[in-house]
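Dear colleague,

Please find below the structure for your review.

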Amino acid sequence: MARGDSLFILFSKFIDGVPITWNLCSKKRSISGTTWSSTMVLETSVDAFVFGANKTSNNNLHTVYKPGGLLHKYYDGFIWSNAQQINETSETAYSLGFTSQSNDLYAMWKDGNNNYLKYRQYDAAPLAPANYSVSAYQSGTNYYPKLTWQLNNEPDVRNKSSNAYKIERRTRLLNGIWSSWSLLANLSGTTSAYIDYSIGNASGGDREAEYRLTAIDIGNNSSPSQSVVIDYGFDRAEKTVVNGIVREYSINQNYPNPFNPSTKISYSIKEEGLVTLKVYDVLGKEVATLVNENKAVGNYEVDFNASHLSSGIYYYKIIAGDFVQTRKMILIK
């Protein structure tokens, strides 16, 4: 088994004597090396044919073995733990099966006192859902926050029909005070997406919504929470037009964002005049001029194609009369 930059081997070693015994032993070496360490004895007088080894997601090494009953030890990168018995004291175990999933451990064996198969699980807290993100989902003329994540591989999360993923939400005005967290949804272990239809006009506005996602297993153990934030509130359909009159200058968050390689930027002009709209990299270097001309009063939209640029953060800046505003966008290739 590999752990970090080391390779471990667990084995039973024959000890000739009276009586004949076997020891459970371990050796290690660097993955790139060729020389094994000296033998470390983990337990004496074990059953040579009843032991198993596995690694969990937290990088701990585990072994279950039989000197009489079934014992468990783990290695955390520094020392091996003390042994813990996992079956009944009076029971003799045979035909051991031992496996792991994420940080959970599973053992099954035959009870030597009868014909029963027995099973035991170490139920660790689930891992935090991976690849958690939020984007704007379009339905008709509106946009809603859409959350996506990678399903947990723990069976005791994935097999739950409800309350496997808990989504909570809080909101605030931009740079304002966050509201309290409120429960938004409890979802099954096979659900990897959620659309919040209670908030409209996502990815453009004067408010923010933060979504907190937690995985919960059948033992009610909770994973660390993951959070994502999206802005919302600006009405894309109405923009800033009231009875056909543009009341103010504005420039909206580009959509989609993040993008690859094209995105759209919309803006509004309340007085005729020269308008410039330029894109800059994080060092302030101009990389594109999208608009540089007189514009009449109205609402406009321009496409930005960044196929010639590398992934990263960019800024777009509009100047129209006394109105100057800069927004950030993210290119991901």
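Strands, like helices, are DSSP runs numbered from the N terminus, a strand having at least two residues. In that numbering, P256 lies in the loop between β21 (250–251) and β22 (262–269). Please note that this is a predicted model.

I begin with confidence. The average pLDDT of the protein chain is 89, and 95% of the residues score at least 70. Strand β16 (residues 193–195) has the highest confidence, with a mean of 97, while strand β19 (residues 241–242) has the lowest, with a mean of 40. Across residues 236–244 the pLDDT is below 50, and this stretch makes 20 contacts in the model beyond near neighbours in sequence.

As regards the overall fold, the protein chain contains one helix and 27 strands. Its radius of gyration is 30 Å, well over the 20 Å given by the globule rule for 333 residues, so the chain is more spread out than a compact globule. Along the principal axes, its C-alpha atoms fill a box of roughly 100 × 45 × 30 Å. Of the 333 residues, 40% count as buried. Where contacting residues are at least 6 apart in sequence, 52% of the contacts join residues at least 24 apart. The chain carries 32 positive and 30 negative charges, whose mean positions are 3 Å apart.

Several local features may interest you. The loop that holds P256 also contains P261. A cis peptide bond joins Y255 to P256, with omega about -5°. Another cis peptide bond links N260 and P261, with omega about -15°.

Two residues other than glycine have a positive phi: S95, at about 50°, and N220, near 70°. S95 is part of strand β9 (residues 93–101), whereas N220 belongs to the loop between β17 (202–215) and β18 (226–232). Are these residues buried or exposed? S95 has a relative accessibility of 57% and therefore counts as exposed, the cut-off being over 50%. N220 is likewise exposed, with a relative accessible area of 57%.

Lastly, N113 is found in the loop between β10 (104–111) and β11 (117–122). This residue is exposed, with a relative accessible area of 52%. Apart from neighbours within four places in sequence, N113 is in contact with S90, E91 and T92. N113 and S90 are 23 residues apart along the chain, and their C-alpha atoms are separated by 8.9 Å.

With kind regards

Notes: Residues are numbered from 1 along each chain as its sequence is written. This is a predicted model: local features need pLDDT of at least 70, side-chain atom pairs count only at pLDDT 80 or more; totals for chains, interfaces and linings use all residues. Side-chain values use heavy atoms; hydrogens and water are left out. pLDDT is the predictor's confidence in each residue, from 0 to 100. Helices (H or I, at least four residues) and strands (E, at least two) are DSSP runs, numbered from the N terminus. Contact means heavy atoms within 4.5 Å. The radius of gyration is taken over C-alpha atoms; the globule rule is 2.2 Å times the number of residues to the power 0.38. Buried means under 20% relative accessible area, exposed over 50%, partly exposed in between (1.4 Å probe, protein chains only). Lys and Arg count as positive and Asp and Glu as negative; His and the chain ends are not counted. The place of a charge is taken as NZ of Lys, CZ of Arg, CG of Asp or CD of Glu.
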